[in-house]
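User: I would like to understand the charged residues of a protein chain. Please guide me through them by question and answer.

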Amino acid sequence: MITVTKIMAENKNNFPAITENPAELIFRSCYAPFDVRNCLQSAETRSLIRKLPAAQLFFSIQELDEEEIALILPQLTEEQWATFLDLDLWEKDELNTNSLLHWESFTLEAEDPVARKLLRATDHELLQLLWKREIQIIPRVEEDEFEQEPPLDRDTFITPDNNYLIVLPEDPEKSRLIHSFIQRLYHLEPEYAQMCLENSRYVTGIELEETAFRNRCLRSQDNGFQDYFDALEIYTPRSPESSLPEKDDCRSDIPKDLPAPATEKQASRFIFIEALASISRQNEIESLLQEMFFVCNKIISADRTFAGDPENIKNGITKGLHGINLGLDIWSGGDPHRAADGILRHFMASFFQIGYGALLKVNRTAAATVSQEPGSYGEAVIEGFKSPYPLFTESEEEDGKITFSTRYFKTAADINQAMDLLESLS
């Protein structure tokens with residue numbers, strides 16, 4: 001698989017190869033770097049799967065079908081399975097029980113040792129919350145009598161221990177999966193199955209969800225996804241004139257093999273990517289890409305974006321790239337030598353904060369600008385600038401019809417153009 005690191009090494013000073021789709025390239029390098037299908041080719045390569053970082057493995061298997069995912073289950077560690085659930089089940093602090101049921105359905109066909117491993121890696125609060133939301137559990141009170149009569153229009157079954165009557169969901173496919181899963185659970189761990197059913201009757205849904213989410217947050221921090229409140233630090237504005245914190249391992253020498261400053265399209269250049277491309281030391285490139293991974297994860301966590309969707313990850317990467325580029329362009333004055341030295345010497349988060357500080361000035365100026373004619377370009381511009389994270393609005397005319405589109409700010413020239421435009425509108 002071609003990664004950003006390899007592209008940079010092979011295309012030194014050849015910026016189009018890197019800038020054509022930097023978000024996709026960084027996603028493939030930082031988030032989904034593994035060719036899992038290739039790992040499935042032999043017993044030797046399959047054994048490597050358990051050594052792969054859990055979060056990157058999750059994004060790398062997104063293109064696999066269910067049969068291929070089933071093949072990797074024997075190789076997974078409990079930590080990797082727990083990470084899959086952590087990334088795919090939660091949107092903000094709300095559990096998606098449909099996604100949980102999808103992942104747990106893999107235990108139905110897995111061999112017993114594999115299925116038990118997957119169950120051990122699943123927080124019991126998740127299963128209890130699934131039962132609480134999707135089924136009705138009616139305990140037996142006498143030999144031939146249950147606590148209440150089940151609805152006549154719903155499918156039911158009695159658990160293998162004869163202790164509970166289960167009222168299944170109305171949806172036929174969901175009913176089938178839950179029936180099979182509970183039967184499988186009793187086959188694998190009968191005492192655990194009974195404990196989950198009994199606890200789900202008494203523990204409140206709020207308590208179960210809060211506990212499960214708290215466990216998820218603790219594990220996610222180990223995988224590079226910060227706590228929401230800690231991640232909000234990324235949106236602390238920073239002045240370009242302020243003293244930036246330096247990395248402990250920063251080099252004192254400026255790279256000697258930097259590209260010549262670009263002479264065309266200065267207003268749209270990706271100086272951050274140019275700076276990355278100018279660095280020839282492999283260990284420094286890999287360190288910067290790892291740093292990019294954590295900055296993007298901060299943005300994703302702070303925005304409370306659903307992390308299980310690769311498109312959301314790519315959107316977070318795009319936002320991070322543009323924000324870092326904006327701050328770096330402002331801080332370096334457009335000088336690629338200073339930019340390259342800057343990303344080696346200072347943290348990328350600082351440059352994102354510089355960019356965000358410039359965006360806040362645009363935002364506050366837009367808020368004080370007089371209202372514009374409804375449907376006009378001026379109104380679209382003001383609305384874009386007043387967004388919680390300001391966006392640059394552009395107009396396009398086709399067949400006599402004018403349409404507006406928004407994009408992230410990328411350069412100091414964008415900021416200057418926005419301020420000039422706001423001055424003219426006011």
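User: Which residues form a negative surface patch?

Analyst: The model is predicted: local features need pLDDT of at least 70, side-chain atom pairs count only at pLDDT 80 or more, and totals for chains, interfaces and linings use all residues. Residues are numbered from 1 along each chain as its sequence is written, and side-chain values use heavy atoms, with hydrogens and water left out. A patch joins like charges within 9 Å, using residues with over 30% relative accessible area and no salt bridge; Asp and Glu count as negative. The negative surface patch is formed by Glu91, Asp93, Glu94, Glu207 and Glu210.

User: Is Glu207 buried or partly exposed?

Analyst: Buried means under 20% relative accessible area, exposed over 50%, and partly exposed in between (1.4 Å probe, protein chains only). Because its relative accessible area is 44%, Glu207 is partly exposed.

User: How many salt bridges does the structure hold?

Analyst: A salt bridge is a side-chain nitrogen of Lys or Arg within 4 Å of a carboxyl oxygen of Asp or Glu. One of them pairs Arg201 with Glu147, with the closest N and O atoms 3.9 Å apart. In total, the structure holds 21 salt bridges.

User: What is the relative accessible area of Lys247, the salt-bridge partner of Glu291?

Analyst: The closest N and O atoms of Glu291 and Lys247 are 2.7 Å apart. Glu291 is buried, since its relative accessible area is 13%. Lys247 is also buried, with a relative accessible area of 11%.

Note on methods. Patches are made of residues with over 30% relative accessible area and no salt bridge: like charges are joined within 9 Å, nonpolar side chains (Val, Leu, Ile, Met, Phe, Trp, Tyr) within 5 Å. Accessible areas come from the Shrake-Rupley method with a 1.4 Å probe; for residues, only the protein chains shown count as cover. The place of a charge is taken as NZ of Lys, CZ of Arg, CG of Asp or CD of Glu.
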